[in-house]
Amino acid sequence: MKKNFLRNTVFLSIVAVALIVLPALLIKVRVINAYWARIFTLGGVYAILALSVNVVCGITGQLSLGQAGFAAIGAYAVIFLTQKAGLPLFVSVIFAGFIAAFFGFLIGFPVLKLEGDYLAIVTLAFGEIIKVVLLNQKELTGGPNGMQFLSFFTSNLKLGPFAAWVSITGTLVLVVVLLQNFLRSTYGRAIMAVREDEIAANSNGISVFRYKMIGFIIAAFIGGIGGALYAPLVGFVKPDFADFNHSVNYLIYVVLGGMGSTTGSILAAYLLTVIQEYLRFLGNFRQLFYPLILIFVMLFRPQGLLGTKEFSFVKVLEKSFSFLKGKKKEAVQ
């Protein structure tokens, strides 16, 4: 068992490094131009935000439509912490995540006793409240015009795309690693037990409200991190970033990838981001793409691309080796 653990850890570490380094080298030598590098990197930001929704909807089992509000809090927080407090960007991103988590605690404590549609309506209202506050605090947030944020990602045309890809994709990998380890812990298993059956979980001594809160706060933290990375990548943030339409878009990533599937949410986020950009020549008609794809998914694969399963590089490698061994035996015979 220890041997398998070490093998899996080493192999997955190599895969993670390759996913970061190889595209970064292609960006560095201009095989991937700055335009598409930005699109792929934006896909990484949306993947983090999709993970935020997946934690609260797919893993915790609560329907939340306010994750864009947490992302907006993280985006504005990183601007204030970097430009006005003078903190380094990576420190500001972490603090922005904790600020979003604090707001997650504030909103979660009174409303998580609600379920289903009622919880969705309350969290949607929370996102709209954040949007209205940002719109009206013109001296602090710039009002409807938003706030500009010049960072190394946007100011340096040569190294900016390279640095953005490494930083954001590295953060995505780190979030996935930490999240998967958390889900395998007793806390993660308790949260999934609450998702499956609250009555059974409560009868076994699991505090339903406590673990709902933990899942909700973690989702808010990840959403804040995603918003904090969006601001330096794009270069500006507007109050519309908290609009419920963005929350719906993040939910679409999760529904398409599969509720509860981490790798499915990431895959869907990258696919939809790239395809939407590729269809830009259609103009406003490309907005029909999301509803059409949702209709087809609900009709032919309602569980999403991966369902509740996870894509495993280790299993793919094992199947490849077993297939090659089988071919060698046939050749010998």
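Predicted model: local features only at pLDDT ≥ 70, side-chain atom pairs only at ≥ 80, totals over all residues.

Me: Where is Leu288 found?
Reply: Leu288 sits in the loop that runs between α13 (262-278) and α14.

Me: And which residues make the nonpolar surface patch?
Reply: The patch, of about 1200 Å², is made by Tyr278, Phe281, Leu282, Phe285, Leu288, Leu292, Ile295, Phe296, Leu299 and Phe300, and its largest share, five residues, is supplied by helix α14, which spans residues 289-300.

Me: Switching to helix packing, how do α2 and α8 cross?
Reply: The axes of helix α2 (residues 34-59) and helix α8 (residues 160-183) come within 9 Å of one another and cross at roughly 20°, so α2 is roughly parallel to α8, given that angles under 35 degrees count as such.

Me: Which hand does the crossing of α2 and α8 have, left or right?
Reply: The crossing of α2 and α8 is left-handed.

Me: Now Ala190: buried or exposed?
Reply: Ala190, which has its place in helix α9 (residues 186-196), counts as buried because its relative accessibility is 6%, and the cut-off for buried is under 20%.

Me: How far apart are Ala190 and Ile206 in space?
Reply: From C-alpha to C-alpha, Ala190 and Ile206 are 6.8 Å apart, while in sequence 16 residues separate them.

How values were computed
Residues numbered from 1 in each chain as written. Heavy atoms only, no water. Patch = residues over 30% accessible without salt bridge, like charges linked within 9 Å, V, L, I, M, F, W, Y side chains within 5 Å. Areas by Shrake-Rupley, 256 points an atom, 1.4 Å probe, with all protein chains shown as cover. Salt bridge = Lys/Arg side-chain N within 4 Å of Asp/Glu carboxyl O. Helix = DSSP H or I, 4+ residues; strand = E, 2+ residues; numbered from the N terminus. Axes fitted to C-alpha atoms, helices over the stretch in contact; angles between N-to-C directions. Parallel < 35°, antiparallel > 145°, perpendicular 65-115°, else oblique. Left-handed = near helix turned anticlockwise from the far one by under 90°. Buried < 20%, exposed > 50% of the residue type's maximum accessible area, 1.4 Å probe, protein only.
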